[in-house]
Amino acid sequence: MGRLTTHVLDTMHGLPGAEIKVELFKVDGESVEKLATVLTNSDGRTDAPILAGNDFRPGKYQLVFHVAEYYQSKGVTLDDVPFLDDVVIRFGLNDQDAHYHVPLLVSPYSFSTYRGS
């Protein structure tokens with residue numbers, strides 16, 4: 001059975017991104033449907049796959065990482081309108097039996113992602 005996981009690394013502090021709120025949405029044309037809201041654990045990962053089992057279906061999805069909220073909780077001074085507030089990553093799931101891993105490397109001013117393993 002396929003599954004979707006994530007991992008957040010705080011590149012500003014060189015630590016896992018712990019207690020970051022992450023939301024998962026299913027994207028269908030211009031509409032989005034929220035499927036889940038999770039918090040990363042002390043290792044910057046979720047305790048369980050964000051999407052798995054019968055809920056894991058091919059299609060377009062979106063993860064939203066609430067990074068400004070995270071950095072503010074760490075005492076980082078951000079502008080009134082942060083450069084990065086919510087990082088949105090849209091991606092496609094095609095293989096119902098595959099493991100899709102979407103890591104996020106983030107600082108208050110940059111981010112990168114890739115399909116991990």
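User: Buried means under 20% relative accessible area, exposed over 50% and partly exposed in between, with a 1.4 Å probe and protein chains only. Is Tyr61 buried or exposed?

Analyst: The model is predicted, with local features needing pLDDT of at least 70 and side-chain atom pairs counting only at pLDDT 80 or more, while totals for chains, interfaces and linings use all residues. Residues are numbered from 1 along each chain as its sequence is written, and side-chain values use heavy atoms, without hydrogens and water. Because its relative accessibility is 1%, Tyr61 counts as buried.

User: How many aromatic pairs are there?

Analyst: Rings of Phe, Tyr and Trp (its six-membered ring) pair if their centres lie within 6.5 Å; planes under 30 degrees apart count as stacked, over 60 as edge-to-face and the rest as tilted. Under this rule, the number of aromatic pairs is four.

User: What class of pair do Phe56 and Tyr100 form?

Analyst: The ring centres of Phe56 and Tyr100 are 6.0 Å apart. Their planes stand at 35°, so the pair is tilted.

User: How many residues separate Phe56 and Tyr100?

Analyst: Strands are DSSP runs of E with at least two residues, numbered from the N terminus. Phe56 sits in the loop between strand E5 (51–52) and strand E6 (59–66). Tyr100 belongs to strand E8 (residues 99–107), and the separation is 44 residues.

User: What class of pair do Tyr61 and Phe91 form, and which strand holds Phe91?

Analyst: With centres 6.4 Å apart and planes at 25°, the rings of Tyr61 and Phe91 are stacked. The pair links distant parts of the chain, 30 residues apart: Tyr61 is in strand E6, and Phe91 is in strand E7 (residues 86–93).

User: Which residue lies over the face of Tyr100?

Analyst: A charge sits over a ring if NZ of Lys or CZ of Arg is within 6 Å of the ring centre and within 35 degrees of the ring normal. Over the face of Tyr61, at 5.0 Å from the ring centre, lies Lys26. For Tyr100 the distance is 4.0 Å, and the residue is Arg115.

User: Which side chains make polar contacts of 2.8 Å with the side chain of Glu23?

Analyst: A polar contact is a pair of N or O atoms within 3.5 Å; within protein, one must be able to donate a hydrogen and the other to accept it, and residues adjacent in sequence count only if both atoms are side-chain atoms. Glu23 lies in strand E3 (residues 21–28) and is buried at 10% relative accessible area. At 2.8 Å, its side chain contacts that of Lys34 and, also at 2.8 Å, that of His66.

How values were computed:
Helix = DSSP H or I, 4+ residues; strand = E, 2+ residues; numbered from the N terminus.
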